[in-house]
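Reader: I would like a close look at one part of this model. Please take the helix packing, one step at a time.

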Protein chains: 2
Amino acid sequence: MDQPSRLAGTVRPGGRTARVRAAVLEATQDELVEHGFHGLTMDQVAARAGVGKTTVYRRWGTKAGLVADLMNELANQSSAHADTGGIEADLYANALAVVEAISDRRLGVTFQAVIAAATSDDQAAQALRGFFQRRIEEWANVVDLAVERGELPKGTDGAEVIRAISAPLYYRLVVTREPVTEEVAEWSVARTLAAARAGTFAVKARRAMGVREAVESRG
Amino acid sequence: MDQPSRLAGTVRPGGRTARVRAAVLEATQDELVEHGFHGLTMDQVAARAGVGKTTVYRRWGTKAGLVADLMNELANQSSAHADTGGIEADLYANALAVVEAISDRRLGVTFQAVIAAATSDDQAAQALRGFFQRRIEEWANVVDLAVERGELPKGTDGAEVIRAISAPLYYRLVVTREPVTEEVAEWSVARTLAAARAGTFAVKARRAMGVREAVESRG
């Protein structure tokens, strides 16, 4: 999530096809940031990128197709997981990367535009889901390494730990609309780690927990 | 969040003013669900409610004003906090109410429409913030009661506990676009409780934690 804020200068060098794609994705992000998903049009992206409309229609099909490819590129460019040798520092690096992405005007607005689009467009929802699946899988590795080192209980579900780190940050950003600060990132790490050490992220423990059954049998 | 799905039959009886408000908010919700915030217009709401346009403009001003009043009414109608006598069951009741609200087609779509609107409209963001502030404050009481009973450490921040219960549910709903099930509600309760029992929601503990400082001094 600490990918550079602008795509253009950073996309892998290549032939004309790669240059066209870089220009189109850059223009897509520009239009998303300025006008949101509702205001995004294929024609405007083509004009802004200096690329023929037919090329854009042929290659990306719809504006949701453009957004899906943009999210794909952002996932490609986002950083590999940390590996500091300690789970606390690794998770904090992850939380901080999220705070930074959210706080970056261009990236933060891009994510919010796609989150908004996904509430009413299935293709945008699929693009968003794909981005986070990749990010969650990548960072789940830090949990697996911590389990191997004996820092966390065996069977700890890495993907769930990573979701738990990010959830309070995005919840504040798009739901309660509260500030997302480094302090919130700290809280998230401390709380998730305490819960993980208590075994509540272990797949076996999860089955044995039965909160619902316990509550239902009580009342 | 387990407010009835339709407003019209449930708004307090009253004179003409109350009836007009009920009809207008019902029409606002209908339009939001069908067309989203972008597709919502004051004129269409007035027509649907069978109320004069000038009344709607004079009383609510803008479409964001309509949405703000709708969120206000949804907060009024949503349930008081549970009080089962045990923190686990109380938090589970809260988590389940969120899952049910999210899963209710009309209510779920309404929240998503307002969440989407809030990404680009300050008044919609304010309406959303106001709704969650009220819900979080109301349910924070269950944590205060648990602290009094000695179930949770002194100084536990009730609002933060309630945020932590909801965060993974909304994160899946609008960010990762993953299913929000009763099982996810169970996990959220178990993990949040483990973290709360470990003292990570206590205000004093929070200051002493210093994850950031520890990590920064290390690297």
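At what angle do the axes of helix α4 and helix α7 of chain A cross, and within what distance do they come?

Author: Keep in mind that this is a predicted model. In chain A, helix α4 spans residues 63-77 and helix α7 spans residues 122-148. Their axes cross at roughly 10 degrees and come within 8 Å. Angles under 35 degrees count as roughly parallel, and α4(A) and α7(A) are therefore roughly parallel to each other.

Now the residues. The α4(A) side includes A64(A), V67(A), A68(A), M71(A) and L74(A). Facing them, α7(A) contributes Q123(A), A124(A), A127(A), L128(A), F131(A) and R134(A). By class, the α4(A)–α7(A) contact holds 10 nonpolar residues, four polar and one charged.

Helix α8 of chain A, residues 158-175, packs against α7(B) at an angle of about 130 degrees. The two axes lie 9 Å apart. That angle makes α8(A) oblique to α7(B). From α8(A) come Y171(A), V174(A) and V175(A). They meet L128(B), F132(B) and I136(B) of α7(B). This contact has six nonpolar residues, with no polar and no charged ones.

Last, the two chains as a whole.

Methods:
Residues are numbered from 1 along each chain as its sequence is written. Chains are lettered from A and ligands numbered from 1 in the order in which they are written. This is a predicted model: local features need pLDDT of at least 70, side-chain atom pairs count only at pLDDT 80 or more; totals for chains, interfaces and linings use all residues. Side-chain values use heavy atoms; hydrogens and water are left out. Axes are lines fitted to C-alpha atoms, for helices over the stretch in contact, and angles run from 0 to 180 degrees between N-to-C directions. Helices (H or I, at least four residues) and strands (E, at least two) are DSSP runs, numbered from the N terminus. Angles under 35 degrees count as roughly parallel, over 145 as roughly antiparallel, 65 to 115 as roughly perpendicular and the rest as oblique. Contact means heavy atoms within 4.5 Å. Ala, Val, Leu, Ile, Met, Phe, Trp, Tyr, Cys and Pro count as nonpolar, Asp, Glu, Lys and Arg as charged, and the others, Gly among them, as polar.
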